[in-house]
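Morning, everyone. Let's take a quick walk through one structure. Please have a look at it first.

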Amino acid sequence: MKTEKLLRRLDRITGGARAGIRVPADRVAASRTRRAFAWITWLLVLELVIGVGAVGIAVVLAADGEAVRFAVWMRTVVVLGMTATLFYFSWRAALGWVWAYQRLRLFSKIFPVITLVMAAIPHLYPLWMVTEQIVFSLVMIGVSDFLNTDEMRAAFRVPAPAREAARRAAAPEA
């Protein structure tokens, strides 16, 4: 119980005004929604493997005496941090929290674009890392595809009274 209380505080920080909005349990319990979250989880596991693999490659190269640039180390740390955040969002969304679904959906669209733009900058990363970024982006696009199905959007549609309450809660007091 204390853990959930702590997580709700974290949810309030990351979720903002919609942190308290949860869809009915039957919506997230629908078979297609559960199946989509299962696929999303496996895709995020793949992202984690890709991220750990990138760290491993960087460590091996550094141990062999090759210069591993700061940008490579930063990229590996950022990918692992992003993946951990996405796991959290996915877990909370699977429990029906609207804010988590919205964040996961947003980041699954933004991260591939940022990653591909970074990969396109000449000489910023070695070829192996550019390849890793492209694969990372493709997997993240897969996550986005699952999140943007009609079923998922319908499952996380916020009822009008809850939307209005969230809007009032977010509005500055006069």
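**Contacts, helices and rings**

Among contacts in the chain between residues at least 6 apart in sequence, 78% join residues at least 24 apart. Contact here means heavy atoms within 4.5 Å.

A word on the source. This is a predicted model, where local features need pLDDT of at least 70 and side-chain atom pairs count only at pLDDT 80 or more, while totals for chains, interfaces and linings use all residues. Residues are numbered from 1 along each chain as its sequence is written, and side-chain values use heavy atoms, with hydrogens and water left out.

Now the overall build. The chain has 8 helices and 0 strands. Both kinds of element are DSSP runs, numbered from the N terminus: helices are H or I with at least four residues, strands are E with at least two. Of the 174 residues, 37% count as buried. Buried means under 20% relative accessible area, exposed over 50%, and partly exposed in between, with a 1.4 Å probe and protein chains only.

How do H5 and H6 run relative to each other? Their axes come within 9 Å and cross at roughly 155°. Axes are lines fitted to C-alpha atoms, for helices over the stretch in contact, and angles run from 0 to 180 degrees between N-to-C directions. H5 and H6 are therefore roughly antiparallel; that label needs an angle over 145 degrees, with under 35 for roughly parallel, 65 to 115 for roughly perpendicular, and the rest oblique.

Who meets whom? In H5, the residues in contact include Tyr101, Leu104 and Phe111; in H6, they include Val130, Ile134 and Met140.

Between these helices sits a loop. H5 covers 98–120, H6 covers 127–147, and His123 lies in the loop between them. The phi of His123 is near 65°, a positive value in a residue other than glycine. Is His123 buried or exposed? Exposed, at a relative accessible area of 69%.

Last, the rings. The structure holds 8 aromatic pairs. Rings of Phe, Tyr and Trp (its six-membered ring) pair if their centres lie within 6.5 Å; planes under 30 degrees apart count as stacked, over 60 as edge-to-face, and the rest as tilted. Tyr101 and Phe156 are stacked, 4.3 Å centre to centre, with 5° between the planes. Tyr101 lies in H5 and Phe156 in the loop between H7 and H8, so the pair ties together parts 55 residues apart in sequence. Tyr101 is buried at 3% relative accessibility, and Phe156 is buried at 4%.
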